[in-house]
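This note sets out points for a colleague reading the structure for the first time. Please keep the model open alongside the text.

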Amino acid sequence: MYANGFLFVIIFLALGIILPVASLMVLGPLLRPSHPTAAKTSTYESGLEPVGDARARYNVRYYLFALLFVAFDVEIVFLYPWAVEYHALGLYGFGEMILFIVLLFIGLLYAWRKKVLEWK
Amino acid sequence: MLFGIPITGQTISYFVLALIIMISGVMLMSLNKVMHMAVALGGVFLGVAGIFILLGADFVGMVQILIYAGAITILMVFALMLTQRGDDTASPSANGWRTAGVLVFVVLLCGAFLLVLRGTTWPVSQSAVNPYSQPTVNLIANALFHAYTVPFELVSLLLTVALVGAVVIARKEEE
């Protein structure tokens, strides 16, 4: 039963890899006409002439969003077993999870009040 | 049977996952650009998650995907995008002595591993054990939400403190 559950994961994984590879690398080159010019092969940058490297330096303010993301990612770890056993846990488990989320929401409210989420 | 190893779904998955981990690991060490290395590290984490799931620890596997392949790799990519781009294309040139040293070390390491693996007796349980009796997620959920309610709620407090702490430290550095 356990192994069968993950058989679907393997099937989806295989499909997820095969479909883009087949369409982009096998079917695409067979179907599309290919007349490359220097302008066509250059990197697309919203129709403008590409400037510099793809790796530009991003604003440091994004790092706060990354830190908030990690905190909420850890929250997801606890939501996952709760969601799997949702029916067995019943109302008690629901109340527990509401308390858990409310406590974390206070942290988000703090970040909001401190204007971390705002863009100056 | 191939080299004394039974060919089942388990062994095939194990060797495919081991191959993914090793290829990603070698790519991690040999790629020149730091950003590509971060993505290769994500490949290693995903392969290890597959090994966890194969061993019957599905919850640990999911956590591996969520935290390591998700958060840690993304955080690394973020840190790389935020920092000034240095000269990351230069790699130490491989000279003859270095290559010879690496080869000798690899041979010695493989020999030591083989010696240890051959010399150890691996106890095999006589009674039949079903490693996949129940998904661990259900067991963990029942333990977490019935037996350990208070520690679970304290974890949310800890996470909130971590969140507030991150905001405070980041704001202080900004000023």
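1. The domain assignment of chain A gives domain 1 (1-33) and domain 2 (59-120); such bounds come from an automatic or database domain assignment. Between the C-alpha centres of domain 1 of chain A and domain 2 of chain A the distance is 33 Å.

2. This is a predicted model, in which local features need pLDDT of at least 70 and side-chain atom pairs count only at pLDDT 80 or more, while totals for chains, interfaces and linings use all residues. Residues are numbered from 1 along each chain as its sequence is written, and side-chain values use heavy atoms, with hydrogens and water left out.

3. The model scores ipTM 0.74 and pTM 0.77. Chain B has a mean pLDDT (the predictor's confidence in each residue, from 0 to 100) of 84, and 89% of its residues reach 70 or more.

4. Helix H3 of chain B covers residues 58-82, 25 residues in total. From first C-alpha to last it reaches 34 Å, close to the 36 Å expected at 1.5 Å a residue. A kink of about 25° is centred on Gln64(B); the bend at a residue is the angle between axes fitted to the seven residues ending there and the seven starting there.

5. Gln64(B) is also among the buried residues of H3(B), which include Phe59(B), Ile67(B) and Leu80(B). Buried means under 20% relative accessible area, exposed over 50%, and partly exposed in between (1.4 Å probe, protein chains only).

6. Phe105(B) lies in helix H4 (residues 96-119) of chain B. Phe105(B) counts as exposed because its relative accessibility is 53%. Phe105(B) and Ala38(B) are separated by 67 residues in sequence and by 26 Å in space, C-alpha to C-alpha.

Methods. Chains are lettered from A and ligands numbered from 1 in the order in which they are written. Helices (H or I, at least four residues) and strands (E, at least two) are DSSP runs, numbered from the N terminus. The expected span of a helix is 1.5 Å times one less than its number of residues.
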